[in-house]
Amino acid sequence: MAIGIGASTMARAGEEALSVSEAVGLAKGNVSAWPSLTVTGEVSGFRGPNARSGHCYFEVKDDGASMSVIAWRGVYAHAGFELKDGLQIQLTGKFDIYKASGRLSFVASGMSVAGEGVLRQQVAELARRLEREGLMDPSRKRRIPAFCSRICVCTSLSGSVIEDVKRTLARRNPLVLIDVVGCSVQGAEAPATIVRALNIAAASRPDAVLLVRGGGSFEDLMCFNDESVARAVAECPVPVVTGIGHEPDTSIADMVADRRCSTPTAAAESVAPAIDDVERQMIQRQVRLGNAMRSMLERESAGIDSAGKLAASAMAARLMREEATLEALGSRPCLIDPASGIHARLAELEQTSERLHGSLPRSLRHCRDMLDRDAQRLSGIAPRLLRGPDSELARFAASLDALSPLKVLGRGYSIARDEYGHVIKDASSLRPGDSLSVQLGSGRFDAKVTSVDCD
């Protein structure tokens, strides 16, 4: 691709001198017209992301040249991987000139990892997705038993790894039982065989499952970065311990496993503590247990002695109180001389009788004196009290005498009553032959009706 400056621009530049700003602007205008490019190279001198802007600045080089590159914050965040020196990357973008310095830089609009880096980018993206799902959450991971009595190993049966694991377990703890489930640990068919081996191992219900493989290149270990393997490890009902590759190698299977060890040998050692260490720990714990039991017995014995002393003291005090109570009860007169109470009551009755006999005459004399005084007061009061009622009675008697029918009868009238005592007021109520009683002013007589005149 030919890139040049126009003839008119060259002619003008030859006729007169340009300022620096004009020269840089002229170059910037021509560079901006260049098309987008795709460049592959190695990262060098990486600086970023900038603490304030988030932009990244670095060089991309090959055997013959290098160029300055700017990756804006959004472009770097969208890339999905971390830039570092020595990483082979593929950039897409355009050249541009920074006017203030006149420096030519390649402004990246997109970037990806080249070669093996593509695989690493894919693995990183899968790891981030599984992490968001919680498969790598420490709270999800299960506890590995401290003393595993039966281990199931999932690995290739043709390599030296299984023999290393067996030798390690036999050396450290020959009491541990070992089951082996063969699987492929490299190649396109390996993930399916690993998943099947994990299912078979879990079905036998061991204390733990070892998923192990010897070292190899990143591509050789890609089967342990497979999503199906990662999910099988996470869903395995038995704790899974991984020992894949060498110390720096870390696969997704390691990330989701319940325990990650650097090598197959380290994985075997982690689930089978050395029997010498176990024996030494048992002896130490036996000694600690004996010391703790002795201390506990001494504390309990001291407590029992103290409680016995307290109980003896309390019992002695209780017996003293009961003895004092019994002595107080025994000293009562009623118990010493049962008849003494009766004699005391008789003496009190006699004294009361004497006091009563002595007080009766005095009481009678007092009452008689009070009656005499009251009689004298009443004799003086009675005439005064009766004076008013006597006059009232005389007035009422006069009124009654004036209204008495006897007065009327005394003037010559009479009252006739029938045989039932009813006063005869009307002659029509009489019949010839009726018996009457006639009341006069003085005396009365009986009469019989011979005739009745109602006029």
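In the hairpin of β12 and β13, how many residues lie between the strands, and which residue takes a positive phi?

Guide: There are 4 residues between the strands, and Gly 443 is the one with a positive phi, near 95 degrees. Before we go on, some ground rules: this is a predicted model, where local features need pLDDT of at least 70, side-chain atom pairs count only at pLDDT 80 or more, and totals for chains, interfaces and linings use all residues. Residues are numbered from 1 along each chain as its sequence is written, and side-chain values use heavy atoms, with hydrogens and water left out. Helices (H or I, at least four residues) and strands (E, at least two) are DSSP runs, numbered from the N terminus.

Strands β12 and β13 (residues 444-448) run antiparallel and share 5 bridges; two strands count as paired if DSSP finds at least two bridges between them. Gln 439 faces Arg 444 of β13 across this pairing. Strand β12 (residues 435-439) also pairs with β11 (residues 415-417), again antiparallel, through 3 bridges, and there Ala 416 sits opposite Val 438 of β12.

Buried means under 20% relative accessible area, exposed means over 50%, and partly exposed is in between (1.4 Å probe, protein chains only).

There's another hairpin to set beside yours. Strands β4 and β5 form a hairpin with 4 residues between them, and Gly 102 in the turn has a positive phi of about 70 degrees. Strand β4 (residues 88-98) is joined to β5 by 10 antiparallel bridges, with Leu 91 opposite Met 111 of β5. Strand β5 (residues 103-113) also pairs with β3 (residues 66-71), this time in the parallel sense over 3 bridges, and Val 69 stands opposite Phe 106 in β5.

Next comes an open sheet of 5 strands with parallel pairing, in the order β7-β6-β8-β9-β10. Its edges are β7 (177-182) and β10, each pairing on one side only. Neighbouring strands are turned by 20 degrees against each other on average, direction ignored. Within that sheet, 5 parallel bridges connect β8 (residues 208-213) and β9 (residues 240-244), and Leu 210 has Val 241 of β9 as its bridge partner.

On to a helix pair: α6 (residues 190-203) and α7 (residues 227-235) pack at about 10 degrees with their axes 9 Å apart. That makes α6 roughly parallel to α7. Axes here are lines fitted to C-alpha atoms, for helices over the stretch in contact, and angles run from 0 to 180 degrees between N-to-C directions; under 35 degrees counts as roughly parallel, over 145 as roughly antiparallel, 65 to 115 as roughly perpendicular, and the rest as oblique. In the contact (heavy atoms within 4.5 Å), α6 brings Pro 191, Ile 194, Val 195 and Leu 198, and α7 brings Ser 228, Val 229, Ala 232 and Val 233. These contact residues divide into 7 nonpolar, 1 polar and no charged, where Ala, Val, Leu, Ile, Met, Phe, Trp, Tyr, Cys and Pro count as nonpolar, Asp, Glu, Lys and Arg as charged, and the others, Gly among them, as polar.

Asp 258 counts as buried because its relative accessibility is 10%, whereas Arg 142 is partly exposed at 25%.

Glu 392 and Arg 395 form another, with their closest N and O atoms 2.0 Å apart. They sit 3 residues apart in helix α12 (residues 340-403), so about one helical turn separates them. Finally, Arg 129, Glu 133, Glu 227 and Arg 231 are linked in a network of salt bridges.

Key
Salt bridge = Lys/Arg side-chain N within 4 Å of Asp/Glu carboxyl O.
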